[in-house]
Amino acid sequence: MERKRVAIIGAGVSGLAAIKACLEEGLEPTCFEQSEEIGGLWHYTDDGGQQHGASMYKSLISNVSREMSCFSDFPFNTDTPPYPPHSQFHHYLQQYCNRFDLRKFIRFKTQTFQGTVTHSRSYRTPDRFQGKTVLVIGAGNSAGDIAAEVGLTASKVYLSLRDGVWILPRLTHGARPLDLSVSRALLHAPDFVSRNYIKMLSRTHINQANYGLHRTKDPYTHGFMVNDEIPYRLASGKVVAKPDITEFTPAGARFADGSCIDADEVIFATGYDVSFPFLDSDILPSSLQDQELYKLVFPVRMKKHTLAVIGQIRNRGGASPVVELQARWAAQVFQGITQLPDQDMMLGYFRRDRQYRDARFGPNKLPVVDLRYTDDIARDIGVKPSFWRLVLWDPSLAFHTYFGPAFPVHYRLMGRHSWSGAAAYAKTALIKTYSATCTNRVQTRHKVNSLMTVLLVCLMVAVLAVIVMKS
């Protein structure tokens, strides 16, 4: 029987995950990449990839820790620091590509549409801003990174924020990566617990009112900036926060508080507009508001589900685990292993889901997802870790999976294409986060101590007792 063929546009994180997922399910993928290398925006070039869409700056460091941004069955090397720079993340993608022999399915320097994409003020390094007054516009991670770095060389940097910003550090108590605080147990906590925790972290990191950052809106619905350096630049006066811009003047800008500045350079860090110019609008509208995607992947109104949109999301953690699950799901649907609901059911789900996201996360250029979303996709393809199965199989693993950080490797513990090393890795992933940085102390074998084991067993017995009583 002839294998089904799948066309994949782009060899970035989503594209590589899609190639591998297709191969796992016996499909024949062909990936079209318009540049000469894999990695998408993680492939840094000095010219900023002027013809190839989104790009990055030379000093960029991942805002997501390594164990939370890796693929589920391919961990980072042990010499990778907790927050890898872009060069090491790109090297990781190259290793992933080589390990699973994905490169032969990629056609480099190929175009799927006409025209070019240009960035008139693509930022690479701060060198050209030496001694200048610079205005940076935006409240996201890129705006914070650029303002902080340009602040080292520029005479003055103004950071324009429409409505203030919540700033979080990469590292929390004990220099623990921030995203390691996300666990499945927290999914059952009321929303106000998570919201207040984010606010507490931000206020501990920097007093917003003292530096013109005060934000009245909720960090869940209006996002936050992850940045370690901006507080130091603000405290030194190298970066000054300003409100929203009301108009540009011949020499600079006027702000909502009536103040004006002169500026030599303006850097827009306000995000990207997503479009699919290589697809007919009847298949997939260019406007995100007009797209009807079942669980943010499958166009609802297509009669045959032969198109999947991978990676058109904004995750509250790493992108790799999300796009990998989306790709695994899409490959199973294409191969007929997993069936989608009928159109009416998918359309109803899409409308309810959009209302939920608008209420929970507010308006965003890209749909915001979190652990609830990835667990939902994992449930659809039979790889969501089952607490009760894990309790019977390995209580210690059940504890790590539900009360510890929600690592991507959890989606390889069971179901199709499970990984034999997943259980062992899941127990040590937290320790491995620091494998590149704990070189000055003797490595010891970590075990759950006897007290923890007793407490764990008692907890599980109590939970089981409650369930039995209710039934």
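User: How many aromatic pairs does the structure hold?
Analyst: The structure holds 20 aromatic pairs. A pair here means rings of Phe, Tyr or Trp (its six-membered ring) with centres within 6.5 Å; planes under 30 degrees apart count as stacked, over 60 as edge-to-face and the rest as tilted. This is a predicted model, where local features need pLDDT of at least 70, side-chain atom pairs count only at pLDDT 80 or more, and totals for chains, interfaces and linings use all residues. Residues are numbered from 1 along each chain as its sequence is written, and side-chain values use heavy atoms, with hydrogens and water left out.

User: Ok, take Phe-298 and Trp-329. Why is the pair edge-to-face?
Analyst: Their ring centres are 4.9 Å apart and the planes stand at 90 degrees, so the pair counts as edge-to-face.

User: And which parts does the pair tie together?
Analyst: Phe-298 is in strand E14 (residues 298-299) and Trp-329 is in helix H8 (residues 320-334), so the pair ties together parts 31 residues apart in sequence. Helices (H or I, at least four residues) and strands (E, at least two) are DSSP runs, numbered from the N terminus.

User: Is Phe-298 buried or exposed?
Analyst: Phe-298 is buried, with a relative accessible area of 0%. Trp-329 is buried as well, at 1%. Buried means under 20% relative accessible area, exposed over 50%, and partly exposed in between (1.4 Å probe, protein chains only).

User: What about Phe-387 and Trp-388, what do they form?
Analyst: Phe-387 and Trp-388 form an edge-to-face aromatic pair, 5.1 Å centre to centre with 80 degrees between the planes. Phe-387 is buried at 16% relative accessible area, while Trp-388 is partly exposed at 36%.

User: Which residues do ring pairs link into a cluster?
Analyst: The cluster is made of Trp-42, Phe-71, Phe-74, Phe-76, Phe-89, Tyr-92, Tyr-96 and Phe-100. The ring of Phe-100 also has the charged end of Lys-20 over it, 4.6 Å from its centre. "Over" means that NZ of Lys or CZ of Arg is within 6 Å of the ring centre and within 35 degrees of the ring normal.

User: Where does the charged end of Lys-295 sit?
Analyst: The charged end of Lys-295 sits over the ring of Tyr-349, 5.2 Å from its centre.

User: Back to Trp-329. What is it in contact with?
Analyst: Leaving aside neighbours within four places in sequence, Trp-329 is in contact with Tyr-294, Lys-295, Val-297, Phe-298, Thr-338, Leu-340, Ile-377, Asp-380 and Ile-381. Contact means heavy atoms within 4.5 Å.

User: Which residues touch the most other members of the largest nonpolar core?
Analyst: Leu-16, Leu-93, Val-136, Phe-298 and Trp-329 do, in a core of 83 residues. H8 gives the largest share of this core, nine residues. A nonpolar core is a set of buried Ala, Val, Leu, Ile, Met, Phe, Trp, Tyr and Cys residues joined through side-chain atoms within 4.5 Å. Apart from this core lies another, of 18 residues, among them Ala-398, Ala-422, Tyr-425 and Ala-426.

User: H8 again! What does Ser-320 touch?
Analyst: Not counting residues up to four places away in sequence, Ser-320 touches Val-13, Ser-69, Cys-70, Phe-71 and Phe-89. Ser-320 has its place in helix H8 and counts as buried at 2% relative accessibility.

User: New topic: what order does the open sheet of four strands have?
Analyst: The order is E8-E5-E4-E12, with parallel pairing. Two strands pair if DSSP finds at least two bridges between them. Strands E8 (239-242) and E12 (265-268) are the edges, each pairing on one side only.

User: How many bridges join E4 to strand E5?
Analyst: Five bridges join E4 to strand E5 (residues 156-160), and the two run parallel; Val-136 stands opposite Leu-159 in E5. Strand E4 (residues 133-137) also pairs with E12 in the parallel sense over four bridges, and there Ile-137 stands opposite Phe-268.

User: Are the faces of E4 covered or open?
Analyst: Both faces are covered: Thr-133, Leu-135 and Ile-137 on one side and Val-134 and Val-136 on the other are all buried.

User: Last one, where does Glu-36 lie?
Analyst: Glu-36 lies in the loop between strand E2 (28-33) and helix H2 (66-69). Glu-36 is partly exposed, at 42% relative accessible area. Leaving aside neighbours within four places in sequence, its contacts are His-43, Phe-108 and Lys-109.
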